[in-house]
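Here's a quick briefing to read alongside the model. Have the sequence and the 3D view open as you go.

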Amino acid sequence: MSKTSSISIPVLFDHQAFSRDLIVWYEKQKRNLPWRDNQDPYRIWVSEIMLQQTQVDTVIPYFKHFMNRYPTVYDLAQADEQDVLKAWEGLGYYSRARNLHEAVKEVVATYGGEVPGDKKELKKLKGVGSYTQGAILSIAFDQAEPAVDGNVMRVMSRVLMIDEDIAKPKTKTVFEDVIRDIMSQDNPSSYNQGLMELGALICQPKNPKCDECPVQTHCEAYAQGVQTDLPVKSKAKKQKEETYVALVLRGADGRYLIEKRPDNGLLANLWQFPLFSQSEFDETSLINHFETQYGASITITSRPGRVKHVYSHVIWHVDIIVAELNEAKPLDYEGEWIDLNTLSTYPLPNVQQKVLEKLSVN
DNA sequence: AACGCGGGGGA
DNA sequence: TCCCCAGCGTT
């Protein structure tokens, strides 16, 4: 016996009426967002990358600035990665920016600067997964492909009474298969965006506004009064905590030492005051380390405090040590000596902004 | 399938 | 606090 889909659509579900009601509502109620000005595939693409795991209101100013600075694929393809990261500074998930930059260069090199409207070619681009692929195809190219994100899984788990764990990867493919079969063929753009808009404005995680919902009559969870029990989602595990020491080192000429983070992992290619794991370096061993490793004498001048920063998978505690370098000879440390007022030209992660604020307050 | 990857909004 | 957000790449 062959493996069948693990869900079944409610018998009375009328997908055509659902589609019609959804699209009519969307066309009337949709928000005026900057990436809805036109169907420029590059513009849609940038917006979809920025919107990954990031709320609309957060994205708007970044999107406007980014499109102003890089209006076409050619502008972005020619940019330096450091400048692209600077434009992304504060938005988070910086690999999105690096992948988008790489992918845009690929589009210029391989596709003559035209964002491909082909399903397989689109998916090959760095940073384009199944959701973004479907979003670009439907919104920019009017192709009937599903674009299943968190909103869509929440909405459709309620409408169709699907109680599979949406935290599991397989569940998304289930939704994609179902939606591909039932979605509007005439207006996939408004269908997909309508589902997401509905999830954002009406069918919210807590306290869904069912009395305002345009598809209430189609919703099986509402009919059974279990809409707040869906979707089913297993809990993420708690973050680990890590402690670091940030060294704000002032050279004899009054400049400060900063370093570039590695080109992979957390905050890749962003800049920071030299950062040490506290399990390796406490206050005194840091002084010894500079003595033995670099033959440099440093003197701690202040301890302005500690910064806490929460990531999705780890919590950082960063102790700040301000010190002076006691010699004029150059330090063989992988980094740059800069005036503090030029620090703003480097892409800095938020945790380093917090360190900087601590310095100016004290 | 599980994990690493930012930062912020809202209850 | 906790959950969630127009997810993707790597392992």
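Predicted model: local features only at pLDDT ≥ 70, side-chain atom pairs only at ≥ 80, totals over all residues.

Residues are numbered from 1 along each chain as its sequence is written, chains are lettered from A and ligands numbered from 1 in the order in which they are written, and side-chain values use heavy atoms, with hydrogens and water left out.

**Domains**
- Chain A splits into domain 1 (15–229) and domain 2 (240–361), with bounds that come from an automatic or database domain assignment.
- Their C-alpha centres, those of domain 1 and domain 2, sit 38 Å apart.
- On the domain 1 side 8 residues are in contact with 15 residues of domain 2, contact being heavy atoms within 4.5 Å.
- Q82, K86 and Y94 supply 51% of the area that domain 1 buries against domain 2, more than any other three residues.

**Salt bridges**
- The rule (a side-chain nitrogen of Lys or Arg within 4 Å of a carboxyl oxygen of Asp or Glu) gives a count of 13 salt bridges.
- Across the interface of domain 1 and domain 2, though, the rule finds 0 salt bridges.
- One salt bridge joins the side chains of R31 and E197, at 3.1 Å from N to O.
- That pair links distant parts of the chain, 166 residues apart: R31 is in the loop between α1 (15–29) and α2 (41–50), and E197 is in helix α11.

**Helix packing**
- Helices here are DSSP runs (H or I, at least four residues), numbered from the N terminus.
- Helix α9 (residues 150–159) packs on helix α11 (residues 188–201) at an angle of about 80°, axes 8 Å apart; axes are lines fitted to C-alpha atoms over the stretch in contact, and angles run from 0 to 180 degrees between N-to-C directions.
- That makes α9 roughly perpendicular to α11 (65 to 115 degrees).
- N151, V152, R154, V155 and M156 of α9 make the contact with L195, M196, L198, G199 and A200 of α11.
- Helix α3 (residues 56–69) and helix α5 (residues 81–88) pack at about 150°, axes 9 Å apart.
- So α3 is roughly antiparallel to α5 (over 145 degrees).

Definitions and conventions
Helix = DSSP H or I, 4+ residues; strand = E, 2+ residues; numbered from the N terminus. Parallel < 35°, antiparallel > 145°, perpendicular 65-115°, else oblique. Buried area = accessible area lost by both parts, 1.4 Å probe.
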